[in-house]
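The sequence and the structure are shown first.

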Amino acid sequence: MFLETERLILRKLREEDFPDFCAYATDPEMCRMMGNDPMDTEEAAWETFDWILKNEPRCYCLVCKEDGRGIGNLTVTPVDASLASLPALAGKQGRSMSFGLSRQYRRRGLMSEAVEAVANRLFREEGMDYIHCGYFDFNAVSRAFQEKLGFTHLITGPIEFKGAEVISVENVLWKK
C-alpha cells in the first residue's frame, strides 16, 4: 500500500528509516502509552525496529512532505481471532490498525489525515467492513483521538501484556 495525502506520503517502512524512527519511538512517554519498555539505547530501538521490519509487512512510515522526515508509523494487521469472533464482528471482514506519531508533529491533524486515507483504502479497495483499533485504558490521547475519528466502543477488559494485567479498550470504525 502506498498512499499520498495533502501533507504526507505513506510508504512501507524500510531500514533507512531507522534514524527517524529513533527520533520519535524512543520518547519515554510514547513508549509508556504503547505499553513498551523504554527504548533508551540505540540497540533497544533497533531490536524493536528490526522486529517490526521482519514481522509487520504492512507497517507504513509516515513521511512529512514539508521536511521529508519519517514522523511516525501506521500498521495494518489481521484482527485477532478472539476479537473477530465476537458477535458484533463475526462473519465480517476487518483489519486492525495501530499507529504512533512524533510528539513534535502532534495537534496538526497529520495522524487524522493518515488514518482516514488508510481507512478509505481498506473500505473502498480492500472491501473491509470495519477497522479495529485499541488502546490501554490509561492512554487518554488515543481514547480522544479514536473518538474524534468515529471509532465506537466494542469491548473493554483485562488482558495479559508483557507479564502484567492491563485494561484494554477495543474500538471499531464501521464502513459507511
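## Sheet, helices and salt bridges

Eight strands form an open sheet of mixed pairing, in the order β1-β2-β3-β4-β5-β6-β8-β7. At its edges stand β1 (3-4) and β7 (152-161), each with a single partner strand, so one side of each lacks a neighbour in the sheet. Two strands count as paired if DSSP finds at least two bridges between them; strands (E, at least two residues) and helices (H or I, at least four residues) are DSSP runs, numbered from the N terminus.

The model is predicted: local features need pLDDT of at least 70 and side-chain atom pairs count only at pLDDT 80 or more, while totals for chains, interfaces and linings use all residues. Residues are numbered from 1 along each chain as its sequence is written, and side-chain values use heavy atoms, with hydrogens and water left out.

Strand β5 (residues 94-101) runs parallel to β6, to which three bridges join it. Arg95 stands opposite Ile131 in β6. Helix α5 packs on the sheet, touching β1, β2 (8-12), β3, β4 (70-78), β5, β6 and β8 (164-174); contact means heavy atoms within 4.5 Å. The direction of α5 makes about 160 degrees with that of β5, where axes are lines fitted to C-alpha atoms, for helices over the stretch in contact, and angles run from 0 to 180 degrees between N-to-C directions.

The protein chain has six helices and eight strands. Buried residues make up 45% of its 176 residues, buried meaning under 20% relative accessible area, exposed over 50%, and partly exposed in between (1.4 Å probe, protein chains only).

Seven salt bridges are counted, each defined as a side-chain nitrogen of Lys or Arg within 4 Å of a carboxyl oxygen of Asp or Glu. The table includes three of them.

| Salt bridge | Closest N and O atoms |
|---|---|
| Glu16 and Arg14 | 3.0 Å |
| Lys54 and Asp50 | 2.9 Å |
| Arg58 and Glu126 | 2.8 Å |

Arg58 lies in the loop between α3 and β3 (59-64) and Glu126 in the loop between α5 (110-124) and β6 (130-136), so this pair ties together parts 68 residues apart in sequence. Glu126 is partly exposed, at 30% relative accessible area. Lys54 and Asp50 are four residues apart in helix α3 (residues 42-55) and therefore separated by about one helical turn; Lys54 is exposed, at 63% relative accessibility. Glu16 is exposed at 54%, whereas Arg14 is partly exposed at 37%.
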